Amino acid sequence: MSKFARITIVAVTVAVFLVALATAITDPAGDGAQALALHRQLATGSLILAVASALALGIAIGRDAPTPKAPVVTQCPAAAMSSAESEFLANMSHELRTPLNAVIGFAELILSEIHGPVSDRRYADYIRHIRTGGEQVLAMVDATLDLSQLAAGQFDLQPSRVEPWATIEVCTQAVAAQAAAAKIELVVRPSIAPAVAADPQRLNQALINLLSNAIKFTPPGGRVSIGATVRDDAIAFEVTDTGIGMTPDQIDIAKLPFRMIENCMTRRHSGIGLGLPLAERLVRLQGGELRIDSRAGSGTSVTATLPAHGDTP
C-alpha cells in the first residue's frame with residue numbers, strides 16, 4: 001500500500017468517527033419519540049461504521065504486509081510466520097492509535113464545553129458513550145501492540161524499587177469503578193511483603209488485568225480480593241475471586257492469546273482474550289511465574305510470583 005493510500009484510509013477513518021460525534025451532538029430532525037429513536041440509530045450506526053473503518057484499516061495493512069522471504073537455514077517457516085504476524089500486529093496497532101486518539105480527544109473537548117454548552121444533555125451522554133467505546137478499542141489496540149512487542153523481543157523494562165502495598169493500592173483504585181458497577185466486593189488483604197525489584201508500570205498492568213478478569217467472571221454479589229505475601233524466596237501477589245471458575249482445559253485455553261472461553265460471562269463482556277496471556281508474559285519477563293488454581297463453580301486464584309532477591313535501586 002502506498003503512503004498516499006494509507007493516509008487516505010486514516011483520514012476516512014477519522015472522518016467517520018467525527019461524523020459519529022457530529023451526529024451525537026446535533027438536534028434530531030423533528031420532535032417526538034420516533035425522531036429521537038431515529039437519531040439514536042443514526043448515531044449508533046455512525047459509531048459502528050467508524051469502528052468498521054478502523055478495522056478495515058488494520059486488515060488493509062495486514063494484506064499489504066510484505067510476504068516473508070524463504071527462510072534461511074537458521075530460520076524455520078514457523079519462525080518466519082511468527083515474525084510476520086508480530087510485524088502485522090505492530091503495524092496495525094500503530095495505525096489504529098492515531099484515529100482513536102483523535103476521536104477520544106474530540107469527545108473530551110466537547111464534553112468540556114470549552115466552546116459553549118451542549119444544548120441537550122442527552123447528547124452529552126451519547127458523546128460519553130463514544131468516548132468510552134473509543135477508550136475500550138484503544139485499550140485493545142494497546143494490548144495487541146504490547147503482545148506483538150513481547151513476541152518480537154522488543155519490550156524494554158525499567159525496574160525500580162516497588163512496594164507491594166503501594167502497587168496493590170494503585171491497582172485496586174484502577175478497577176474500583178468496574179467492581180462497583182458489577183456489584184462486586186473488592187477486598188484488599190493485609191500485605192507485609194518487602195519491596196521487590198520490578199517495572200512498576202508493567203507490574204501494575206499485569207495485576208490490573210488479573211483484577212479486571214476476576215471482576216468480569218464473578219457474578220454480582222461476589223467477592224474479589226488481592227494481597228501480597230512472602231513465599232520462600234519470592235513475593236507472591238495473589239488475586240482470588242468467588243466467580244464461575246475454570247476446568248483444567250479451560251485454563252489452558254485462557255492462557256492462549258486471542259482465545260476466549262465460551263460461556264455466559266464471556267458473552268456479557270467485551271474483550272479479545274489478551275488480559276491473562278499478557279499478564280503472564282509480563283510477569284515472566286520480570287523473572288516471575290504466574291500460577292492459576294481454579295475449579296469450575298468454585299472461583300479462581302491467580303498468583304503472580306516475583307523473585308525477592310533482586311536488587312532494589
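These legends go with close-up views of a predicted model.

**View 1. The whole protein, with its confidence.** Residues are numbered from 1 along each chain as its sequence is written. The protein has eight helices and seven strands (DSSP runs numbered from the N terminus: H or I of at least four residues for helices, E of at least two for strands). Its mean pLDDT is 75, and 61% of the residues reach 70 or more (pLDDT is the predictor's confidence in each residue, from 0 to 100). Residues 65–75 have pLDDT below 50. Beyond near neighbours in sequence, that stretch has six contacts in the model (contact means heavy atoms within 4.5 Å). Of the 313 residues, 40% count as buried (under 20% relative accessible area; exposed is over 50%, partly exposed in between; 1.4 Å probe, protein chains only).

**View 2. Helix H5 packs with helix H6.** Two packed helices are described by the angle between their axes and the distance between the axes. H5 spans residues 164–181 and H6 spans residues 200–216. Their angle is about 35 degrees, and their axes lie 9 Å apart (axes are lines fitted to C-alpha atoms over the stretch in contact; angles run from 0 to 180 degrees between N-to-C directions). H5 contributes Thr167, Val170, Cys171, Thr172, Ala174, Val175, Gln178 and Ala179 to the contact. From H6 come Leu203, Asn204, Leu207, Ile208, Leu211, Ser212, Ile215 and Lys216.

**View 3. Threonine 218 sits in a loop.** The loop runs between H6 and strand S4 (223–231). Threonine 218 counts as buried because its relative accessibility is 2%. Its side chain reaches the backbone oxygen of alanine 214 at 2.6 Å.

**View 4. Serine 301 lies in strand S7.** This strand covers residues 300–307. Serine 301 has 12% relative accessibility, so it counts as buried. A polar contact of 2.7 Å joins its side chain to that of glutamate 238 (a pair of N or O atoms within 3.5 Å; within protein, one must be able to donate a hydrogen and the other to accept it, and residues adjacent in sequence count only if both atoms are side-chain atoms). Leaving aside neighbours within four places in sequence, serine 301 also touches residues including Val239, Thr240 and Arg291.

**View 5. Helix H8 and the glycine after it.** H8 covers residues 275–285. Its buried residues are Leu276, Pro277, Leu278, Ala279, Glu280, Leu282 and Val283. Just after H8, glycine 287 takes a positive phi of about 85 degrees.

Technical notes:
Predicted model: local features only at pLDDT ≥ 70, side-chain atom pairs only at ≥ 80, totals over all residues. Heavy atoms only, no water.
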